[in-house]
Amino acid sequence: QQISWTPLLVLGYLFYLLLGAMVFQLLEKQAETHFRDQFQLEKLKFLQNYTCLDRKALEQFVQVLMEAWEKGVNPEGNSTNPSNWDFSNSFFFAGTVVTTIGYGNLSPSTVAGQIFCVFYALFGVPLNLAFLNQLGKGLNAHLITLERWVQKPGRAQVHLVIFLTAGTLLFLLFPPLVFSYVEGWSYGEGFYFTFITLSTIGFGDYVVGTNPNKHYIPVYRSLTAIWIVFGLAWLALVFNVGADLMEKFLQLKWHKPDLSLSEGAMTKLEDEPEQPRNHIPS
């Protein structure tokens, strides 16, 4: 008798979301309140130091800063800051579109750019999925048959361990060292950016190559975009393996074999003598 685990999976999924909501609220709400109060205090101090300004003028200036940030203009620095739309940055942005990462720190501001972005993503996202699928098949063929590693213990599992270890070092553990050195982040911040990027979550709170006080090599963001593509293929395979294992676990856990039928079949096999196998020549 097989028990449908779909309702249980739905309930577990909803419970996981509720659990995440409660934990994030517990961890972040108090800090947000502290930062908000601190910001209001800084605004009051600013008005006290510059009495020629009133609150309305300050709020208007804050609004200008927010609009500049939304348009991808960093309020820090001056007009000599490098363009967000040079070829290297545009190449990086195109990669974030087709991979659906969408950091949110930069977006087209012209109507023509927005319309082009829609059609570019319309054809680019399926193309990216097809490319990642083929890349994943290549990795799968040369490293391990991921779908059968559970049924074939031994060498296949060793290959899987090598595949996961090498990928983890190449795509998750080593890149944060580079980002920490180039961007001035801590290793934890670099690792956070790495995973949030390769998982296509892409919050946009950390983005490479956006600090106006640093001088980046021209191909820095382009190389990062290439790393993202191959990292996406690797992490997608890891997520697929995890999803397959979870489905197998649920099926094994909620699939109860009919013991009476199994016992009857075993008794029948024991009572009947073994029949000779007929050999069919090829």
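This is a guided tour of a predicted model, stop by stop, with what to select and what is found there.

Residues are numbered from 1 along each chain as its sequence is written. Because the model is predicted, local features need pLDDT of at least 70 and side-chain atom pairs count only at pLDDT 80 or more, whereas totals for chains, interfaces and linings use all residues, and side-chain values use heavy atoms, with hydrogens and water left out.

**The whole chain**

Of its 282 residues, 24% count as buried, where buried means under 20% relative accessible area, exposed over 50%, and partly exposed in between, with a 1.4 Å probe and protein chains only. The accessible surface comes to about 20600 Å², and 66% of that surface belongs to carbon and sulfur atoms; such areas come from the Shrake-Rupley method with a 1.4 Å probe, and for residues only the protein chains shown count as cover. Among contacts between residues at least 6 apart in sequence, 59% join residues at least 24 apart, a contact being heavy atoms within 4.5 Å.

**The annotated spans**

Next, colour residues 6–27, 87–106, 112–132, 158–178, 190–208 and 220–243, which an unreviewed UniProt entry annotates as "transmembrane region"; the positions are given in the numbering used here, feature names are shortened, and annotations may be inferred rather than shown by experiment. Select residues 220–243, where the span is 100% helix and 0% strand and the end C-alpha atoms lie 34 Å apart. Then select residues 190–208, where the chain is 47% helix and 0% strand, with end C-alpha atoms 10 Å apart.

**Two salt bridges**

A search of the whole structure finds two salt bridges, each defined as a side-chain nitrogen of Lys or Arg within 4 Å of a carboxyl oxygen of Asp or Glu. Show Glu32 and Arg36, whose closest N and O atoms are 3.2 Å apart; both residues lie in helix α1 (residues 6–49), four residues apart, which is about one turn of the helix. Glu32 is partly exposed at 41% relative accessible area, and Arg36 is also partly exposed, at 44%.

Then move to Lys43 and Glu59, whose side chains meet in a salt bridge at 2.6 Å, N to O. Lys43 lies in helix α1 and Glu59 in helix α2 (residues 55–70), so this pair ties together parts that are 16 residues apart in sequence. Here Lys43 is buried, with a relative accessible area of 8%, whereas Glu59 is partly exposed at 32%.

**The largest nonpolar core**

Select Phe92, Tyr103, Phe179, Phe193, Val208, Trp227 and Ile228, the residues with the most contacts inside the largest nonpolar core, which has 24 residues; a nonpolar core is a set of buried Ala, Val, Leu, Ile, Met, Phe, Trp, Tyr and Cys residues joined through side-chain atoms within 4.5 Å. Helices α4 (111–143), α5, α7 and α8 (220–254) each supply at least two residues of this core, and its largest share, nine residues, comes from α8. Centre the view on Tyr103, which, leaving aside neighbours within four places in sequence, is in contact with residues including Phe92, Phe193, Phe203, Tyr206 and Ile228.

**A nonpolar patch on the surface**

Switch to a surface view and select the nonpolar patch, which has about 1100 Å² of accessible area together and includes Leu169, Phe174, Tyr187, Phe191, Phe195 and Phe239. Patches are made of residues with over 30% relative accessible area and no salt bridge, like charges being joined within 9 Å and nonpolar side chains (Val, Leu, Ile, Met, Phe, Trp, Tyr) within 5 Å. Helices α5 (155–173), α6 (175–183) and α7 (187–198) each supply at least two residues of the patch, and α7 gives the most, with four. Phe195, in helix α7, is partly exposed at 31% relative accessible area.

Most residues other than glycine have a negative phi. Select Thr100, in the loop between α3 and α4, which has a positive phi of about 60° although it is not a glycine. Thr200, in the loop between α7 and α8, has a positive phi of about 65° and is partly exposed at 29% relative accessibility.

Last, select Pro82, which lies in the loop between α2 and α3 (87–98) and is exposed, at 59% relative accessible area. Pro82 and Asn211 are 129 residues apart in sequence and 9.9 Å apart in space, C-alpha to C-alpha.
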